[in-house]
Amino acid sequence: MKAVLFYEHGGPEKLVFEDAAEPKIGEGQVLIQVKACALNHLDIWVRQGIPAYKIALPHISGSDIAGVVHATGPGVTSVVLGQRVFVAPGLSCWNCEACLSGRDNQCATYRVIGAATDGGYAEYAAVPAINCIPIPERLSFEEAAAFPLVYLTSWHMLISRARLAPGETVLVHGVSSGIGSAALQIAKLIGATTIVTASQDENLAKAQRLGADVMINYASTDVTKRVREVTNGRGVDVVFEHIGPATWEQSIQSLVKGGRLVTCGATTGPQVPLDLRYLFSKEITVMGSYLGTRAELSAVARLVGQGKLSPIIGGTFPLREARLAQERMLQRQLFGKLVLKP
């Protein structure tokens, strides 16, 4: 089969398109003929090499996989040959206390397909059958690949962690990204007021068409000052943070007293300043968030299937152009998700 691999950590130039051995499947596993695989910043972090993800090299990235069941291993009865499925990205043991209580993303062995294992930057991918979910009829393969990781993460952040409520105001950084555009849609779905940021007016116009209430160009505007202006000095109830040092201080300063900041990423670096006096005097809550549960993914999939949430595809690339796609993501030349097609 054809695949995109990297043999050592480094920049996008480490990605190579070549022949690779077709994955072998064992008991409880399924071989997926990949029809679409969406990109995530996780792919970039794994390629660059970070201590949290210890992988064997060479490695095939890709957590968001959609395709057709090509073969099944012993004991698989939940899917059939030829079935259209998307892949739940999280790997859990399903036996521990966390898993059995519905907190499978807190499983001690929790891992992510495409990071801990080989993923979907290939013509075929081997995954557990329990991770295969039927694609809603109305969705294309590209759309089915574009929503699982970012919509699950955004839902867990806004609904489960931050408890965003109807009528509250949320600040969404980087709305042109896949996770930012997902967060905007989820916030609007539950009836929140949305303030979004991006560096290009064109992307802010796209966000407005998705329902954004206030648009801020962070390249030319003081975000905190503008947030204070549009909220009459009050600030926002929730900040949706996934960028890190570049936005951290404005995120904290944009919160109302008693506000909540929820974060899932650090695309501009892992270290941020934190004035504890400001934190406790304003009773601000800062919380981390990591992907989400299988139950949450099922809820999101139903909403996508009903058309209440709509995956945004910012561009498609043939598999052989995975390097170009990652470079496009790094340059933030997109609105929504980028998708590879083998």
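A cavity, as the word is used here, is a set of grid points where a 1.4 Å probe fits but cannot get out. The model examined in these exercises is predicted.

**Exercise 1. The largest pocket**

Determine which residues lie nearest the centre of the largest pocket, and which element supplies the largest share of its lining.

Step 1. The largest pocket has a volume of about 1200 Å³ and is lined by 50 residues, with H41, W45, G265, A266 and T267 nearest its centre.

Step 2. Among the elements that each supply at least two lining residues are α4 (148-161), α5 (178-189) and α11 (322-330), while the largest share, five residues, comes from α1.

Step 3. The lining of the largest pocket divides into 26 nonpolar, 20 polar and four charged residues.

**Exercise 2. The second largest pocket**

Work out which strand gives the largest share of the lining of the second largest pocket.

Step 1. The second largest pocket has a volume of about 240 Å³, and of the 16 residues that line the second largest pocket, P23, T117, D118, G119 and A126 are the closest to its centre.

Step 2. Strand β8 (residues 124-128) gives the largest share of this lining, five residues.

Step 3. By class, the lining of the second largest pocket has 12 nonpolar, three polar and one charged residues.

Technical notes:
Residues numbered from 1 in each chain as written. Predicted model: local features only at pLDDT ≥ 70, side-chain atom pairs only at ≥ 80, totals over all residues. Heavy atoms only, no water. 1 Å grid on protein atoms, 1.4 Å probe; cavity = no way out; pocket = protein on both sides within 12 Å on 5 of 7 lines; lining within 4 Å. Points joined across faces, edges and corners; volume = space filled by probe spheres on them. Helix = DSSP H or I, 4+ residues; strand = E, 2+ residues; numbered from the N terminus. Nonpolar A, V, L, I, M, F, W, Y, C, P; charged D, E, K, R; others polar.
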